[in-house]
Structures are given as structure tokens and as C-alpha cells.
Amino acid sequence: MHETQPVWQKIQERIDVALAHHQLDTAVPPVVFPGKPADIPYDIELYAHMQQAAQAIPAFDRELLLSESRWSHLPIAGPLLQKGRRALHSIALFYANRTLQHQQTVNWHLWEAIGRLTAVTQQQQRNIEALQAQLTALNQPDNQ
């Protein structure tokens with residue numbers, strides 16, 4: 001940075017450097033939907049909610065979108081105001097992106113936990129039904 005640069009240029013350079021060093025990973029791991037079981041009864045509402053959640057989890061939109069302002073058409077002050085505005089929005093977007101990345105990670109872990117719990121519940125239901133069949137077979141009088 002040069003000492004003769006305006007303050008807004010110094011701020012913009014610092015923002016650009018910070019954004020380059022703290023880029024966020026926008027890739028979302030694939031969401032695994034455990035699927036509806038065909039061999040045991042299941043809660044239809046649970047699977048409907050899980051399917052909707054699987055479709056809603058993908059990445060957040062985190063792009064800088066600035067609309068043109070009427071001040072940007074001013075001859076000298078317009079470009080300066082536009083750059084200052086971009087710099088301020090970039091700062092806010094940087095911190096919003098950090099928060100969104102954290103929330104996205106939490107959402108993904110919660111989804112994974114719910115999927116695993118659902119798979120465990122399915123297996124437990126199969127075990128319960130097998131044990132009930134064994135009990136029924138043991139409790140029937142011997143016809144032989």
C-alpha cells in the first residue's frame with residue numbers, strides 16, 4: 001500500500017486480501033436419504049420431512065450483489081461512493097459467510113444424525129418384529 005492512496009483504496013485492498021485468505025468452501029457434502037423401508041411399518045410424516053430437509057439443505061447464496069444507485073452516475077464522487085459501498089458490503093458479506101458456513105455445517109451434522117438414527121430405528125423395528133414372531137412361535141401349542 002502506498003501512503004498517497006485514499007483511505008477507501010486501503011480499505012478495499014485489506015478486504016480483498018482478507019477475502020482471498022478466508023475463502024469459504026461452498027461445496028455441500030452429499031445428503032444421504034436413508035429411504036423408506038419396504039419390509040416394516042414406518043412413519044410417513046417422518047420420511048416426508050426428511051425428504052423435504054434433504055432438498056432444502058444445499059448451499060446458501062453468498063455472492064455480493066449490489067444494485068446500481070443513482071449516486072454512481074455522478075462524475076467524480078460516483079465511482080468513489082460505489083467503491084466505498086462495495087467495500088462496506090464486502091465486510092458484511094465476509095462475516096455473514098462465516099456465520100452461514102457454520103450454520104451449514106451444523107445443518108449437515110444434524111441431518112446426518114437424523115439419518116443415522118432413522119436407520120438404527122429401522123433395524124430395531126426389524127429386530128422387534130423378528131422377536132415377536134419368535135415369541136408367537138414359542139407360545140403356540142404343539143400340534144405335533
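Helix α3 runs to 63 residues and stretches 90 Å from its first C-alpha to its last, close to the 93 Å expected at 1.5 Å a residue (the expected span being 1.5 Å times one less than the number of residues). The model is a predicted one, so local features need pLDDT of at least 70 and side-chain atom pairs count only at pLDDT 80 or more, while totals for chains, interfaces and linings use all residues. Residues are numbered from 1 along each chain as its sequence is written, and side-chain values use heavy atoms, with hydrogens and water left out.

Overall, the protein chain holds 3 helices and 0 strands, in the order α-α-α along the sequence. Helices here are DSSP runs of H or I with at least four residues, strands are E runs of at least two, and both are numbered from the N terminus. Of the 144 residues, 17% count as buried, where buried means under 20% relative accessible area, exposed means over 50% and partly exposed lies in between (1.4 Å probe, protein chains only).

The Ser 90 side chain makes a polar contact, reaching the backbone oxygen of Arg 86 at 2.8 Å. Such a contact is a pair of N or O atoms within 3.5 Å; within protein, one must be able to donate a hydrogen and the other to accept it, and residues adjacent in sequence count only if both atoms are side-chain atoms. Gly 84, another α3 residue, is partly exposed at 21%. Gly 84 and Trp 8 lie 76 residues apart in sequence, yet their C-alpha atoms are 6.0 Å apart in space.

Helix α2 (residues 44-56) has 13 residues, which should span 18 Å at 1.5 Å a residue; the end C-alpha atoms are 19 Å apart, which agrees. Tyr 47, Met 50 and Ala 54 are buried in α2. Seen down the axis, these buried residues fall within an arc of 60°, so they line one face of the helix (the arc is taken over directions from the helix axis to the C-beta atoms). That set packs against α3, whereas Ile 44, Glu 45, Gln 52, Gln 55 and Ala 56 are exposed on the other side of α2. At the start of α2, a side-chain oxygen of Asp 43 comes within 3.2 Å of the backbone nitrogen of Glu 45.

Then the aromatics. Rings of Phe, Tyr and Trp (its six-membered ring) pair if their centres lie within 6.5 Å, with planes under 30 degrees apart called stacked, over 60 edge-to-face and the rest tilted. The count comes to 2 aromatic pairs. Phe 94 is buried at 12%, while Tyr 95 is partly exposed at 47%.

Terms used:
Contact means heavy atoms within 4.5 Å.
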